[in-house]
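The sequence and structure are shown first.

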Amino acid sequence: MSNELRRSRMRRAMEAQNLDALILRLPENVLLLSGHWPMIGAAFLLFPLEGKSTLIFPECYREEVLACLHDCEPVSYPLGGAHHPPMYSAVGKLLRERVSPSWKRIGYEGNFEASAPSWNAAEDMTPGMDSISLFRDVFSGRELVDATKLIITERVRKTPYDIERLAIISEISCFGLAAFEESVKVGVSGVELAAIVEKAIMIQGTGYRDAVRVRAFAQVTTGDAETSVAHRPNIISTKRVMKDSDFAVLELGVVADGYWADRTRVGIAGTARDEQLRIYEVVRKAQEAATAGIKTGVRARDVDAIARTVIEDAGYGQAFPHITGHGLGFGYHEQWPILGPHSEDVLEEGMLTSVEPGIYTAQFGGVRIEDDVIVTDDGPLVLGPYKKVCK
């Protein structure tokens, strides 16, 4: 299955803004229009309004590129050898050979404040002034246009091809959710739980429904003090071992071949306190009610209000400090849509959003439940559905 709809949609958007071509370097955007998720962020995609696009990539990754490229000319350059020319010199030469004399306006990624990593997340190559200088030189005499908003806008609505890939990664995330559920018990630490989850996803997810490159990023908080601040964007898993009636909150990002899932589940060690079970049920009801409210044409803040009302009615309104959800798919977090009380976003068919209300208290700990949901005309499509239990 090819993503021709994605490419044709992008070209219509480019035509509306009088862009003759795009030059893309960020791995998530190279993936968007070529089908290839770069290995180290050293690939460049030249995507013209008319004609075939070109992916310029390091020769050492030819096998990986050819296995997934869609309607794109593969052109390689040498990288990493003792006598190879500098990357920008080699890439510049190949780009110049492919620039049409008729092009006047070239779009580029001028204002991505956050970006998703390439496969080698440990040492991603991030475009900066060297890339800008290269583009100014290659496209000299032409207008370079910041196409960030155009690219983000086109990414928001996922195509059927995208949704199929996103369903695979959400199903892979369930291997981690299951491993977490089975492993939460007295005496186990957050670090151990995070390692167990990542191991399950890497081993069981690699090769699942033809997924090739799979990686997990698990964060686990345990106990009242840690889970009460688990609403922070990032937390640190510790060696603190779980005691009786401790919550464990799993925040889980998973990527497979460039597509992302974002999941959260909660477990409890030993015997739960009555109020902990009540809090969990309130969050579950809020999460499911908000999910049910997702549909094409609905205001994003109205979905947030559904979850917030359930939690407020239970007396925990002040303990729900964050938004109900955010966009994702080509990254762990994306700018649109935002399910929050001040959001101006309106849900459109094909959007992907997380749904993740929570309650966080110093006395009983924190609870959050998160699923990834596609917006459709008929209502919500939950990707990789997984049970919600607290045990």
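## The largest pocket

In this predicted model, 19 residues line the largest pocket, and those that lie nearest its centre are Ala-67, Cys-68, Arg-165, Val-212 and Asp-257. Two elements, helix H3 (62-66) and H7, each give two or more residues to this lining. H7 gives the most, with four residues.

The space in the largest pocket amounts to about 430 Å³. Its lining is made up of nine nonpolar, two polar and eight charged residues.

## Enclosed cavities

Rolling a probe the size of a water molecule over the atoms shows where empty space is left. The largest cavity has a volume of about 70 Å³, and its lining consists of Leu-177, Phe-180, Glu-181, Arg-265, Val-266, Gly-267, Tyr-386, Lys-387, Val-389 and Lys-391. Helix H7 (160-183) and strand S9 (259-268) are the elements that give two or more residues to this lining. By class, the lining of the largest cavity comprises five nonpolar, one polar and four charged residues.

The second largest cavity has a volume of about 40 Å³. Its lining is formed by His-36, Pro-38, Met-39, Ile-40, Gly-41, Ala-42, Ala-43, Phe-57, Pro-58 and Tyr-61. Eight of the lining residues of the second largest cavity are nonpolar and two are polar, with no charged residue.

In soluble globular proteins, nonpolar side chains tend to be buried together. The largest nonpolar core of this model has 66 residues, of which Leu-22, Leu-55, Ile-172 and Leu-252 touch the most other members. H7 gives the most to this core, with ten residues. A second, separate core has 34 residues, including Val-282, Val-283, Ile-294 and Leu-339.

What is Leu-22 in contact with, leaving aside its neighbours within four places in sequence? The contacts of Leu-22 are Met-10, Met-14, Leu-33, Leu-45, Leu-46, Phe-47, Gly-107 and Ala-147.

## Backbone exceptions

Most residues other than glycine have a negative phi, and most peptide bonds are trans. Two residues and one peptide bond are considered here against that background.

Asn-18 has a positive phi, near 55°, although it is a residue other than glycine. It is placed in the loop between helix H1 (4-16) and strand S1 (21-24). Is Asn-18 buried or exposed? Asn-18 counts as exposed because its relative accessible area is 54%, and the cut-off for exposed is over 50%.

Asp-257 also has a positive phi, near 55°. This residue is found in the loop between strand S8 (247-256) and S9. With a relative accessibility of 14%, Asp-257 is classed as buried, since buried means under 20%. Asp-257 is also one of the residues nearest the centre of the largest pocket.

The peptide bond from Trp-336 to Pro-337 is cis, and its omega is near -15°. Pro-337 lies in strand S11 (residues 334-339).

Helix H7 (160-183) is among the elements that give two or more residues to the lining of the largest cavity.

Conventions. Residues numbered from 1 in each chain as written. Predicted model: local features only at pLDDT ≥ 70, side-chain atom pairs only at ≥ 80, totals over all residues. Heavy atoms only, no water. 1 Å grid on protein atoms, 1.4 Å probe; cavity = no way out; pocket = protein on both sides within 12 Å on 5 of 7 lines; lining within 4 Å. Points joined across faces, edges and corners; volume = space filled by probe spheres on them. Nonpolar A, V, L, I, M, F, W, Y, C, P; charged D, E, K, R; others polar. Buried < 20%, exposed > 50% of the residue type's maximum accessible area, 1.4 Å probe, protein only. Core = buried A, V, L, I, M, F, W, Y, C linked by side-chain atoms within 4.5 Å. Contact = heavy atoms within 4.5 Å.
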